[in-house]
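Hi everyone, thanks for coming. Please take a moment to look at the picture on the screen, and then we'll walk through it together.

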Amino acid sequence: MSGALLGKVVLVTGAGGGIGAPVARHLGAAGADVAVGELAADRAEKVAAEIVAAGGSAIAVAGDVSMEADVTAMFDAAVDRFGRIDGVVHLATFTGNGPLLEFPLDRFDQIVAVNLRGALLVGRTAARHMIARRAGGSLVLFSSVTSLYGAPGQAIYGMTKAGLQGLIKSMAIEWAPHRIRVNGLSPTTTDTPLAKAWLDSDPTLRDTIASSVPLGRLAEPEDFFGTLELLLGDGAGFITGQTIFVDGGVSVTHPLIKR
Ligand SMILES: NC(=O)c1ccc[n+]([C@@H]2O[C@H](COP(=O)([O-])OP(=O)(O)OC[C@H]3O[C@@H](n4cnc5c(N)ncnc54)[C@H](O)[C@@H]3O)[C@@H](O)[C@H]2O)c1
């Protein structure tokens, strides 16, 4: 255990996912008490059990982040068990990709519900607990480099990730008087179930993407650990409203420059 987050209580959403599970396990190994949030209870319980088996402290808190009652219950369960919430890592997301001309409107509503209403519900439920305790806190919400670009088939997902960065700024300003910091973390392509169907659609795609990343590879979940420790920890006490791109340089590459 590194102990970098010893004494912090952190709720992670999407904690059964390709990035979320390693992140939740890492936070546990860094000494945090982890509330493992995931849609399916069995996946939440599996990750919570892994954290405990490794010597950490965790509880499973299953629920749908787009449903207010579920989000309330997830935070209540975490507070009942650990006494408070110091931090949140919000990863739960729904991509639902498809071309705009045929895009089903019910899928549009579902993506917005999970990615934006979910972020609002998770953010403000956490903030209400933090405000009641008067000890501040730190929220980190996962956006994406897709927020910056037009991307065929990913328009609605990208739109919600761009919207999330706007929401982060206003949450940061509204809750700053309560010493609640709100920041974003934007990954580039990471080989998880979220990106798998796309990455598997062409056997050369992984190499093509890696060669377009200035640092020369796809992201790994481990690439996000240091930024999360920083943002959740007290060392980032004056950073709020920012979205940090952990993307190997993708977001700052001139589009006409070929590597
Ligand atoms: N993988 C990538 O290439 C990539 C790139 C950029 C950004 N991101 C972002 O990183 C974060 C994590 O992505 P990932 O690759 O781990 O994705 P993932 O699909 O592996 O995991 C997402 C998790 O969210 C959960 N989830 C979905 N809907 C939910 C809901 N309504 N309520 C609660 N949980 C729900 C899923 O069950 C899943 O476990 C996401 O916010 C994603 O947008 C990922």
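Let me begin with a question: how do the residues of the shell around the ligand divide into nonpolar, polar and charged? There are twelve nonpolar, twelve polar and two charged residues. Here Ala, Val, Leu, Ile, Met, Phe, Trp, Tyr, Cys and Pro count as nonpolar, Asp, Glu, Lys and Arg as charged, and the others, including Gly, as polar.

Before going on, please note that this is a predicted model, where local features need pLDDT of at least 70 and side-chain atom pairs count only at pLDDT 80 or more, while totals for chains, interfaces and linings use all residues. Residue numbers start from 1 along each chain as its sequence is written.

Back to the ligand. Of the 26 residues around it, G14, G17, I19, T192 and L194 come nearest; a residue is near if its C-beta atom, placed from the backbone, lies within 6 Å. Helix α6 (residues 193–200) gives the largest share of this shell, three residues. Helices are DSSP runs of H or I with at least four residues, strands are runs of E with at least two, and both are numbered from the N terminus.

Now the inside. The largest nonpolar core has 68 residues, and V10, L11, V12 and V36 have the most contacts within it. α4 gives the most to this core, with eight residues. Such a core is a set of buried Ala, Val, Leu, Ile, Met, Phe, Trp, Tyr and Cys residues joined through C-beta atoms within 7 Å. Buried means that 20 or more other C-beta atoms lie within 10 Å of a residue's own; exposed means 12 or fewer, and partly exposed is in between, with C-beta atoms placed from the backbone. In soluble globular proteins, nonpolar side chains tend to be buried together.

Next, please find helix α3 (residues 68–82). Its buried residues are V71, M74, F75, A78 and F82. They cover an arc of only 85 degrees around the axis, so they sit on the same side of α3; the arc is taken from the directions from the helix axis to the C-beta atoms. A69 and D80, on the other side of α3, are exposed. Just after α3, G83 has a positive phi of about 90 degrees.

Finally, helix α1 (residues 20–29). After α1 comes G31, with a positive phi near 100 degrees.
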